[in-house]
Amino acid sequence: MAAIYSLYIINKSGGLIYYKDYGSAGRMDTNDTLRVASLWHSMHAISQQLSPVSGCSGIELLQADTFDLHCFQSLTGTKFFAVCEPGTQQIESLLKYVYELYTDYVLKNPFYEIEMPIRCELFDMNLTQSVQKDRVALLGQ
Amino acid sequence: MIGVGKVKQYGNVLDKPLNKGKTEVSLSAFAFLFSELVQYNQTQVDNIGELERRLEDAGYAVGARVLELLCHRDKGNRRETRLLGILSFVHSTVWKVLFGKVADSLEKGTEHEDEYMISEKELLVNKFISIPKDMGTFNCGAFVAGIVRGVLDGAGFPAVVTAHFVPMEGQQRPRTTILIKFAEEVLLREARLG
């Protein structure tokens, strides 16, 4: 069954603002998640410079033996990336949907300070609902 | 004929006829504006009670104007004199114009004679707002409570209006209740009118 292991959101300076773990392997330590986030932020930036073609917008997909990493960068530099099982479909559209949820329930929240860790109940609720829905849809196939 | 089929542009917004209207506004645009209103007021106050009061005052100004406009547009300049009349005006007409739908329910309070409640599953202004845990019972619906207070005050029914979250079992989000407590004189007048 194709599944998503974890979801990260990082702000434009590379700091982790949201981390959600869906895997059964257990939660990563907070410090480790922060390290992974800033590591990815730097790799993403370096890849833009390394590209032989000009106008590269950074890594979109990283494929390894045991996982796939999909990354979506918004126009403002906020990055949404998900670590999932190899061969999972439609993570791109899920990431775009998470971006929509972010603009709705985080940015329109007057109690959210921009670039700070996300602590919005509505965002969590809707995110869980949509990932659940995706899971059910995949199981039904 | 000249000008047929073209929308007439008014130089001054005060020249626009009052009967035109009922246009739609982007929800996102309103949400951002309201979010900014709340954030601005947060910087001006020291505590949550003050913040609620400020939001209410902002709503009061809206309510007073909405009453005048709707009396002219929808009611043909007739004035409501009875309690139930003004309450159903707020519950249906005002809600329809401001939020695009009538309020979910209008109830009379069981404990006190002077209390009425307008309930809504989710207030439009609260649609995208998650209150942090450390703010306790603060509700941005205080803005809507202010609007209701403005309408009632302008119509001659002074009242104290507040917004409350009422947790519902089986639902993750609590529903919102606007509690209206009328002043003594309103009830006396109502009793006199029979």
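The model is predicted. In chain A, five strands make an open, antiparallel sheet. Over all chains, the count of salt bridges is twelve. Three of these bridges are described below, one in chain A and two in chain B.

**The sheet of chain A**

- The strand order is S2-S1-S5-S4-S3 in chain A, with antiparallel pairing.
- Strands S2 (16–21) and S3 (61–63) of chain A are the edge strands; each has a single partner, so one side of each lacks a neighbour in the sheet.
- From one strand to the next, the twist averages 10°.
- Three bridges join S3(A) to strand S4 (residues 68–73) of chain A, in the antiparallel sense.
- Within this part of the sheet, Leu61(A) sits opposite His70(A) of S4(A).

**The helix across the sheet**

- Helix H2 of chain A spans residues 91–106.

**A salt bridge in chain A**

- Side chains of opposite charge can pair when their charged atoms come close.
- Lys12(A) and Glu115(A) form a salt bridge, with their closest N and O atoms 3.6 Å apart.
- The two residues are 103 residues apart, and the pair links distant parts of the chain.
- Lys12(A) is in the loop between S1 and S2 of chain A, while Glu115(A) is in the loop between H2 and helix H3 (121–140) of chain A.
- Glu115(A) has 23% relative accessibility, so it counts as partly exposed.

**Salt bridges in chain B: Arg149 and Asp57**

- Arg149(B) and Asp57(B) meet through their side chains in a salt bridge of 3.6 Å, N to O.
- Arg149(B) belongs to helix H4 (residues 142–154) of chain B, and Asp57(B) to helix H2 (residues 48–73) of chain B.
- This pair also links distant parts of its chain, 92 residues apart.
- Asp57(B) is partly exposed, with a relative accessible area of 43%.
- A network of salt bridges links Glu56(B), Asp57(B) and Arg149(B).

**Salt bridges in chain B: Lys181 and Glu115**

- Lys181(B) pairs with Glu115(B) in a salt bridge, the closest N and O atoms being 3.6 Å apart.
- Both ends are in strands: Lys181(B) in S4 (residues 175–182) and Glu115(B) in S2 (residues 115–120) of chain B.
- The partners are 66 residues apart in the chain.
- Lys181(B) counts as partly exposed at 34% relative accessibility.
- Glu115(B), at 15%, counts as buried because the cut-off is under 20%.

Conventions:
Residues are numbered from 1 along each chain as its sequence is written. Chains are lettered from A and ligands numbered from 1 in the order in which they are written. This is a predicted model: local features need pLDDT of at least 70, side-chain atom pairs count only at pLDDT 80 or more; totals for chains, interfaces and linings use all residues. Side-chain values use heavy atoms; hydrogens and water are left out. Two strands pair if DSSP finds at least two bridges between them. Helices (H or I, at least four residues) and strands (E, at least two) are DSSP runs, numbered from the N terminus. Axes are lines fitted to C-alpha atoms, for helices over the stretch in contact, and angles run from 0 to 180 degrees between N-to-C directions. Contact means heavy atoms within 4.5 Å. A salt bridge is a side-chain nitrogen of Lys or Arg within 4 Å of a carboxyl oxygen of Asp or Glu. Buried means under 20% relative accessible area, exposed over 50%, partly exposed in between (1.4 Å probe, protein chains only).
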